[in-house]
Amino acid sequence: MPSSFLLIDSKRVEDAKFELMRVISAIGNATPAVPSVVSIGNFDGVHRGHRAILETVVRRARELACRSVAMTFSPHPIRFLAPYKAPKLISTLDQKIRWIESTGVDLLWVMNFDEGFSRLSPQEFIEQYLIERLQARSVCVGSNFNFGYRGSGNVQTLREWEKGLEVIEVPPVVVRGGIVSSTRVRELIAEGMVSKVCRLLGRWLELEGAIVSGSARGRSVTVPTLNLDAENELLPGQGVYVTRISLDGGAFLNSITNVGNRPTFNESTISVETFVLNHAVPEVVRSARLQFIKRLRDEVKFESPEALRNQIAVDIARTQRFFYRLSTLGNVGSR
């Protein structure tokens with residue numbers, strides 16, 4: 001049995017305020033124990049495939065008059081077991097919590113993935129976690145679910161549990177002929193294909209983080225921008241995007257964003273710079289959420305700052321037309 005169930009950042013988890021869902025880092029905090037319908041997974045990005053599983057958990061829990069529970073892990077198991085193979089994560093912990101809550105789940109257990117936990121056999125995991133701690137009556141998982149030491153357990157292992165644990169295998173979600181997966185979402189983000197990413201997520205791709213000081217070049221050479229220090233590990237591929245930005249928790253504003261290293265000025269550090277359309281920006285902005293909607297073009301090196309400024313004017317005009325056309329179809333919302 002693992003010696004510790006606490007996360008390194010457990011205070012951050014326990015202090016989180018959510019209206020509908022309780023978030024815990026130790027199962028002792030979930031008392032009193034009640035029968036549960038459970039799903040287990042990394043849920044990175046909380047894409048449409050994940051949502052199908054979590055919504056099945058919520059629905060079945062209501063049918064059985066049970067608590068709906070999602071168990072996820074921090075750090076990502078691959079990051080602990082083989083850090084050199086670990087993927088860049090799509091979502092921050094806060095985003096994952098927020099998006100899982102939106103499915104209606106009652107309880108989210110953010111479990112510390114450590115050495116002791118990694119060595120549990122499938123049998124031990126079922127007995128100690130699903131049965132003893134969560135009193136699971138039903139488990140909902142995808143067809144590719146693996147658990148236990150070296151991933152030796154699978155859906156069939158759950159089905160063979162001798163005490164008759166109900167197992168619901170949720171089929172994969174298919175979008176335009178392809179299975180929705182975190183791996184595919186990561187590939188599309190890296191390629192800058194944000195419109196396709198949105199189809200797989202069921203909402204806009206979103207980064208979040210602090211607004212930090214930039215070079216201030218935009219105020220005199222190009223256009224004034226906000227510089228986002230994204231907490232997300234995975235950024236869209238370098239390029240110019242139609243975006244929407246929320247400043248310090250405010251309403252989303254139409255914007256245009258460049259992700260790249262500003263080759264016109266011979267810089268090398270990747271930055272996320274956003275110009276807000278049609279709205280004045282407060283002098284002090286601490287944080288932002290940035291949603292990516294459409295890719296406009298690649299980032300390129302221009303002959304001069306003036307040539308870049310001219311191209312930015314073209315990009316802004318294209319973005320304005322895009323939002324105008326979108327507004328004729330209805331208000332833009334966060335998917």
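**Strand 15 and its partners**

I began with the pairing of strand 14 and strand 15. Six bridges join the two, and they run antiparallel. The model is predicted, and I read every entry below with that in mind. I then looked for a partner on another strand. Strand 12 (residues 226-230) also pairs with strand 15 in the antiparallel sense, over two bridges.

I picked Glu273 to follow across the pairing. Asn258 stands opposite Glu273. Asn227 also has Glu273 as its bridge partner in strand 15.

Next I checked burial along strand 15. Six of its six residues are buried. I sorted them by face. Ser271, Glu273 and Phe275 lie on one side, and Val272, Thr274 and Val276 on the other; both faces are covered.

**Helix 10**

I checked the length of helix 10 (residues 305-328). How far apart should its ends be, at 1.5 Å a residue? The 24 residues should span 34 Å, and the end C-alpha atoms are 35 Å apart, so the two values agree.

I listed the buried positions of this helix. They are Leu308, Ile312, Asp315, Ile316, Thr319, Phe322 and Phe323. I then asked what these residues pack against. Their contacts fall on strand 13 (239-247), strand 14 (252-260), strand 15 (271-276) and strand 16 (287-297).

Are the two partners buried or exposed? Arg297 has a relative accessible area of 17%, so it counts as buried. Asp315 is at 2%, so it is buried as well.

**The loop at Asp248**

I moved to the loop between strand 13 and strand 14, where Asp248 lies. Its relative accessibility is 40%, so I noted Asp248 as partly exposed.

Which residues does Asp248 contact, beyond its neighbours within four places in sequence? I found Val284, Val285, Arg286 and Ser287. Val284 is 36 residues away in sequence, yet the C-alpha atoms of Asp248 and Val284 are 9.7 Å apart.

I looked at the polar atoms here. The side chain of Asp248 has a polar atom 3.1 Å from the backbone nitrogen of Arg286. The Asp248 side chain also reaches the backbone nitrogen of Ser287, at 2.8 Å.

**Nonpolar cores**

I searched for nonpolar cores next. The largest has 28 residues, and Ile245 and Phe292 have the most contacts inside it. Two or more residues each come from helix 8 (182-191), helix 9 (194-201), strand 11 (205-212), strand 12, strand 13, strand 14, strand 15 and strand 16. Helix 9 gives the largest share, four residues.

I took Ile245 for a closer look.

**Helix 4**

I checked helix 4 (residues 93-101) for burial. Seven of its nine residues are buried. They are Leu93, Gln95, Lys96, Ile97, Trp99, Ile100 and Glu101.

**Other salt bridges**

How many salt bridges does the whole structure hold? My search found 13. One of them joins Arg289 to Glu206, with the closest N and O atoms 2.7 Å apart. This pair also links distant parts of the chain, as Arg289 is in strand 16 and Glu206 in strand 11, 83 residues apart. Glu206 is buried, at 5% relative accessible area. Arg289 is partly exposed, at 29%.

Last, I traced shared partners. Arg98, Glu206, Glu208 and Arg289 are joined by salt bridges into one network.

How values were computed
Residues are numbered from 1 along each chain as its sequence is written. This is a predicted model: local features need pLDDT of at least 70, side-chain atom pairs count only at pLDDT 80 or more; totals for chains, interfaces and linings use all residues. Side-chain values use heavy atoms; hydrogens and water are left out. The expected span of a helix is 1.5 Å times one less than its number of residues. Buried means under 20% relative accessible area, exposed over 50%, partly exposed in between (1.4 Å probe, protein chains only). Contact means heavy atoms within 4.5 Å. Two strands pair if DSSP finds at least two bridges between them. A polar contact is a pair of N or O atoms within 3.5 Å; within protein, one must be able to donate a hydrogen and the other to accept it, and residues adjacent in sequence count only if both atoms are side-chain atoms. A nonpolar core is a set of buried Ala, Val, Leu, Ile, Met, Phe, Trp, Tyr and Cys residues joined through side-chain atoms within 4.5 Å. A salt bridge is a side-chain nitrogen of Lys or Arg within 4 Å of a carboxyl oxygen of Asp or Glu.
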